[in-house]
Amino acid sequence: MKLTWYGTAAVLLESGGTRIVFDPFLGMPYEEEPFRREHLSASYRTASAVLVTHGHFDHIYDIPAVYHDSETPIYATETPCETLKRRGVGEEKLRLIRPGDHLELGSFRITVYQGRHCRFDSGVIRKTVFKRDTLRHINRLVELLQLNKRYAENGETLFYEIEAEGKRIQLMGSMGMDEDTDYPIGADAMILPFQGTGDPAASVRPIIEKLKPKSIYLDHYDDAFPPMSSLIATDDFVAEMHDKGIATVAMEQGSVYYL
């Protein structure tokens, strides 16, 4: 099974000729790097299906443009489905899913669980809002706040377990778990967004202790919303997990990993 990370939470899984992309996003600022955006769009369009973890703009904003003339099905919960319909995505492309659903997509068997979005704490707010670069580009901050209003999450963040080739892969839409959900433990690999709080390592330790994955692949730690955001350091956490016997990789954008 192949795993490719394209930045933010955009992940492509491939097995037996089936390609599934999660949360395809082209990045921002939107007017920059046209070649990179065109390359990413072409990669996303090879997918057999699109799965959405939640409705925030950095997870669904580019779906209407990337798949405007494609028949690729898009699986999402109610709120992102409604947002995508308002953006011009036809209902015939959308597949409404809910926690508890089981999907058979080519070589993949996927179980949908309720997840939870991380709670932005004072640490991450200070690092974002009061950065010198943020204050120098206040129009970017206003744009980001407006996008967050228009692209609601509405408590619908998902947690996917994906089975293929005898492996179990868990993919989190955000760095949080639902307290009332009984998640399976001991997955062969977990794809984990490493951002959203002032101390991501402290936030994910309870998740790792509870779910006991055999390996971890970090995503969403990149500088996704310049100049407000910044690259999140991962070296100490990777070393800590290795010391605990959990193989951990901070994925590089565009690199292929074999699970």
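Trainee: Is Lys244 buried, exposed or partly exposed?
Mentor: In this predicted model, Lys244 is partly exposed, because its relative accessible area is 48%, and exposed would need over 50%.

Trainee: Which residue does Lys244 form a salt bridge with?
Mentor: Its partner is Glu240, and the closest N and O atoms of the pair are 3.4 Å apart.

Trainee: How many salt bridges does the count come to?
Mentor: The count is 10 salt bridges. One of them joins the side chains of Asp69 and Arg45, at 2.9 Å from N to O. Asp69 sits in the loop between helix 3 (63-66) and strand 5 (74-76), while Arg45 is in the loop between helix 1 (34-44) and strand 4 (49-51), 24 residues apart.

Trainee: What about Glu163, what does that pair with?
Mentor: Glu163 forms a salt bridge with Arg109, with the closest N and O atoms 3.4 Å apart. Glu163 lies in strand 9 and Arg109 in strand 8, so the pair ties together parts that are 54 residues apart in sequence.

Trainee: Which residues are linked with Arg109 in a network?
Mentor: Glu104 and Glu163 are linked with Arg109 in a network of salt bridges.

Trainee: New topic. How many cavities of 30 Å³ or more are there?
Mentor: The structure holds 1. The largest cavity has about 30 Å³ of space.

Trainee: Which residues line the largest cavity?
Mentor: The lining includes Ala9, Val11, Asp23, His59 and Asp219. By class, the lining has 5 nonpolar, 3 polar and 2 charged residues.

How values were computed: Residues are numbered from 1 along each chain as its sequence is written. This is a predicted model: local features need pLDDT of at least 70, side-chain atom pairs count only at pLDDT 80 or more; totals for chains, interfaces and linings use all residues. Side-chain values use heavy atoms; hydrogens and water are left out. On a 1 Å grid over the protein atoms alone, a cavity is a set of points where a 1.4 Å probe fits but cannot get out, and a pocket is an open set with protein on both sides within 12 Å along at least five of seven lines; lining residues have an atom within 4 Å of a point. Grid points are joined across faces, edges and corners, and a volume is the space filled by probe spheres set on the points. Ala, Val, Leu, Ile, Met, Phe, Trp, Tyr, Cys and Pro count as nonpolar, Asp, Glu, Lys and Arg as charged, and the others, Gly among them, as polar. A salt bridge is a side-chain nitrogen of Lys or Arg within 4 Å of a carboxyl oxygen of Asp or Glu. Helices (H or I, at least four residues) and strands (E, at least two) are DSSP runs, numbered from the N terminus. Buried means under 20% relative accessible area, exposed over 50%, partly exposed in between (1.4 Å probe, protein chains only).
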